[in-house]
Amino acid sequence: MITKTHLSGFLLVHAAFRAEFCRLAEACSRPRDGVHEELLEEHLALVLEMLHSHHSHEDTDLWPKLVGRDSEAAAVLAGLESEHAELDPLLAAAADRSIPLPDRSPTLLRLHELINRHLDHEERDAVPYMLEHLTPEDIEADRRKAMGDFGRRRIPVIFGWLASGADPGLLTAALADTPAVVRLTFRLFWWPAYRRRFVRLYGKAVALPTAVEA
Ligand SMILES: [Fe+2]
Ligand SMILES: [Fe+2]
């Protein structure tokens, strides 16, 4: 039996998805110039790739594993998988660079609504099965796989993005799972760099929970 703290990485990713599509919808509605537009395209592509790989991981690995351990989970998890499929056309429309960014803004706002609804559903109905049936070894294997998927070069920006959507408790719990050198590098380099990126993206500052900044 694991606790919710073991799922802090999983929930941290959810929190980042919950926050980002609304921010993107607003910024994409009126890019400042070509440089801003290119940065928004790059950031949107990164977030969409993260969402695609999160859904793929759930559909091909996590949900089958849970069903293998508890067949009663099957109906709930099939429902969540079909919600992923329902989101796919919107994700494709959001990624379509032949459509100008301002014209994709309403799609991003719709994604914000639907993704938040999906995550509410998942956290209410799937997380209890995860808590009951996953082991610390499962969590560690998923963490290693996610880090491999991020790729060494992108880890700084992905860590910054994840932190920018978190509440203090969740971020502290997720960082506690990482080596001390990663926490230090995050605080000294990755977060300041992401804060500058956030200003370029969204024209305003983003704060980090004081528990981590202290
Ligand atoms: Fe999820
Ligand atoms: Fe999901």
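**A first look at the fold**

With 214 residues, a compact globule would have a radius of gyration near 17 Å, and the protein chain agrees because its own value is 17 Å (taken over C-alpha atoms; the globule rule is 2.2 Å times the number of residues to the power 0.38). Please note that this is a predicted model, in which local features need pLDDT of at least 70 and side-chain atom pairs count only at pLDDT 80 or more, while totals for chains, interfaces and linings use all residues. Residues are numbered from 1 along each chain as its sequence is written, with chains lettered from A and ligands numbered from 1 in the order in which they are written.

**The whole chain**

- The protein chain has ten helices and zero strands (DSSP runs numbered from the N terminus: H or I of at least four residues for helices, E of at least two for strands).
- Along the principal axes, its C-alpha atoms fill a box of roughly 50 × 40 × 25 Å.
- Buried residues make up 25% of the 214 (buried means 20 or more other C-beta atoms within 10 Å of a residue's own, with C-beta atoms placed from the backbone).

**Helix α2**

- Helix α2 covers residues 34-69, and its 36 residues should span 52 Å at 1.5 Å a residue; the end C-alpha atoms are 51 Å apart, which agrees (the expected span is 1.5 Å times one less than the number of residues).
- A kink of about 45° in α2 is centred on Glu-58 (the bend is the angle between axes fitted to the seven residues ending there and the seven starting there).
- Among the buried residues of α2 are Leu-40, His-43, Trp-63 and Leu-66.

Notes:
A residue is buried if 20 or more other C-beta atoms lie within 10 Å of its own, exposed if 12 or fewer, and partly exposed in between; C-beta atoms are placed from the backbone.
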